[in-house]
Amino acid sequence: MIARDGANESLWQNTSQAYIPTTQIDISKNYDVVIAGGGITGISTALQLQQAGLRCIVLEAHSLCFGTTGGTTAHLNTLLDTPYNTIAGNFGKEGASLVAQAVRESLNTVKANIERYQIDCNYEEATAYLFSQDEDQTKELESIREATVEAGVATAYTSTIPVPIPFEKALEIKNQAKFHPTRYVMALAKAFEEAGGTIIENCRVTATDNADPLVIKTNQGDIQTSWLIYATHIPPGVNLVHLRCAPYRSYAMAVRLADENYPAGLAYDMYDPYHYYRTQLIDGTPYLIAGGEDHKTAHEENTNTPFAKLESHIRKFFNVKEITNRWSSQYFEPADGLPYIGHMPGKPGKILVATGYGGNGITYSHVAARLLSSIVLNIESPYIKLFDPNRIKPIAGFTNFVKENVDVAKQLITGFFSKEKIHELADIAPGEGKIVKHDGHTLALYKDEAGQVHAINPRCPHLKCTVSWNLTEKTWDCPCHGARYNANGEVLTGPADMDLEKINLQKP
Ligand SMILES: Cc1cc2nc3c(=O)[nH]c(=O)nc-3n(C[C@H](O)[C@H](O)[C@H](O)COP(=O)(O)OP(=O)(O)OC[C@H]3O[C@@H](n4cnc5c(N)ncnc54)[C@H](O)[C@@H]3O)c2cc1C
């Protein structure tokens with residue numbers, strides 16, 4: 001089964017085979033491009049650059065699709081989470097048209113890849129439906145319709161929607177699509193290696209300089225390269241993009257229906273956060289995928305609650321036979337509605353990044369592949385300016401912000417809690433974690449299945465915020481910038497690139 005950054009199993013993990021890379025790292029070689037991250041962005045970008053004749057290497061900290069690509073719901077849309085009226089407001093009507101063009105090209109590229117590499121990933125084109133359920137939403141729907149049409153995406157009102165949910169008005173947008181994301185990415189990874197590329201798993205990029213060539217530090221040795229692309233969903237380290245991307249958790253379920261009444265289209269309501277529904281056929285078996293109940297990472301104390309709400313929402317409208325999978329995953333919401341793709345802020349050299357996709361990263365991954373390739377290959381593109389991460393203006397006080405947070409790092413916990421005290425505080429069931437406070441100090445405790453208590457410093461090494469326990473995914477999640485750790489405090493996802501500090505309970 002494909003590994004993922006959470007305890008819950010997504011629909012994709014046990015219905016696709018992991019592609020096992022066959023290539024080896026060569027640290028004596030000077031690569032043209034190092035791509036950090038083996039999700040949909042890293043693999044599609046690497047393939048595009050390798051095909052252009054460059055020597056590319058993908059370095060993945062865990063295994064392919066370990067990040068959000070393994071926990072997505074895989075709609076391919078030109079109807080975006082940031083509506084075109086908002087994009088036009090922030091980037092002008094021309095900007096909105098360019099975004100529409102970029103995402104249309106992305107959808108075409110996915111389709112072309114599937115045809116070219118004969119990928120069996122249950123790809124299907126479908127119509128999307130956005131529906132309103134009260135007067136305010138209906139008003140908003142009209143603004144969205146106008147801006148969407150103006151951006152160049154054909155949209156019209158319709159009197160029917162594919163889900164049994166009451167609605168006031170609905171828009172339909174044709175030529176959207178859906179697929180099995182990990183089958184797609186695993187097949188692209190194979191194509192990349194066959195084109196001469198290299199993929200190394202369990203290889204974390206930990207640092208780089210800004211020289212030419214760049215020297216990339218990893219846990220498997222240093223690598224020289226002309227370019228570095230952070231396709232890590234959020235880049236590691238401390239950067240302005242971290243202040244412009246808010247981490248969110250989103251919840252999804254795969255459901256078998258008793259009446260076999262699976263919706264043919266993709267349907268979205270207009271609540272904030274919104275719910276969505278679509279069908280995915282896998283090897284002849286249909287599943288209803290429904291999702292929503294998003295919240296800022298680590299801002300929900302009991303992560304069973306969003307699952308319970310989502311389940312009761314689904315049961316209200318559908319005849320549920322069985323919930324086969326339930327999982328949550330993380331996305332990064334950009335401050336102004338568009339992703340940050342291009343030169344890493346503060347790094348004028350050859351370090352690139354793709355982040356801030358919101359809930360449209362499957363679609364935007366191929367915008368990133370194209371745009372980042374244009375930069376590396378020095379090809380002009382109107383998208384470079386539009387998605388430029390340096391549109392973020394340096395924020396007054398940022399330096400102080402970082403400094404203050406780093407100062408907090410000095411607080412060491414070891415020694416403040418006796419072993420007896422820790423066991424007294426750890427009144428939790430096996431498999432559970434908890435933040436405890438005692439005598440002015442805070443500690444993260446996890447009791448493993450054998451009943452042994454593990455103590456961890458809850459301060460995230462990224463910018464020193466205190467992590468929270470995510471009881472459904474069995475992870476420690478940072479509320480500030482979204483770094484996540486397993487129950488033992490080992491880093492799962494950035495921006496942190498170090499584990500939480502383990503506290504030795506044997507000390508007096
Ligand atoms: C529940 C949910 C549903 C979604 N549904 C949709 C949808 O329907 N349509 C859509 O377009 N988008 C959707 N999205 C968003 C989309 O899934 C993501 O934006 C997308 O998968 C991100 O892909 P990625 O390759 O950029 O990042 P990831 O898939 O997160 O991959 C990043 C990889 O980098 C690795 N990594 C991290 N740090 C390092 C390091 N220092 N060195 C080396 N490797 C590292 C990680 O292990 C990981 O494998 C959804 C998101 C969520 C949470």
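How many bridges join strand 18 to strand 19? In this predicted model, the count is six, and the two strands run antiparallel. Strand 19 covers residues 441-447. His438 has His441 of strand 19 as its bridge partner. Strand 18 and strand 19 form a hairpin with two residues between the strands. Asp439 in this hairpin takes a positive phi near 55 degrees.

For strand 25, two bridges provide the link to strand 20, residues 453-456. These two strands also run antiparallel. Ile456 has Lys502 of strand 25 as its bridge partner.

Helix 6 was examined next. This helix has 14 residues, 304-317. At 1.5 Å a residue, it should span 20 Å; its end C-alpha atoms lie 21 Å apart, which agrees. The buried residues of helix 6 are Pro306, Phe307, Leu310, His313, Ile314 and Phe317. Seen down the helix axis, these buried residues fall within an arc of 130 degrees, so they line one face of helix 6. The spacing along a helix bears on this pattern. An α-helix has 3.6 residues a turn, so residues three or four places apart point the same way.

The chain as a whole comes last. Its secondary structure comes to 10 helices and 25 strands. With 508 residues, a compact globule would have a radius of gyration near 23 Å. The chain has 23 Å, which agrees. Along its principal axes, the C-alpha trace spans about 70 × 55 × 45 Å. Of the 508 residues, 58% are buried. Contacts between residues at least 6 apart in sequence were also examined. Of these, 70% join residues at least 24 apart. The accessible surface of the chain is about 20400 Å². Carbon and sulfur atoms account for 48% of that surface.

Technical notes: Residues numbered from 1 in each chain as written. Predicted model: local features only at pLDDT ≥ 70, side-chain atom pairs only at ≥ 80, totals over all residues. Heavy atoms only, no water. Helix = DSSP H or I, 4+ residues; strand = E, 2+ residues; numbered from the N terminus. Expected span 1.5 Å × (residues − 1). Buried < 20%, exposed > 50% of the residue type's maximum accessible area, 1.4 Å probe, protein only. Arc of directions from axis to C-beta. Rg over C-alpha atoms; globule rule 2.2 N^0.38 Å. Contact = heavy atoms within 4.5 Å. Areas by Shrake-Rupley, 256 points an atom, 1.4 Å probe, with all protein chains shown as cover. Pairing = 2+ DSSP bridges.
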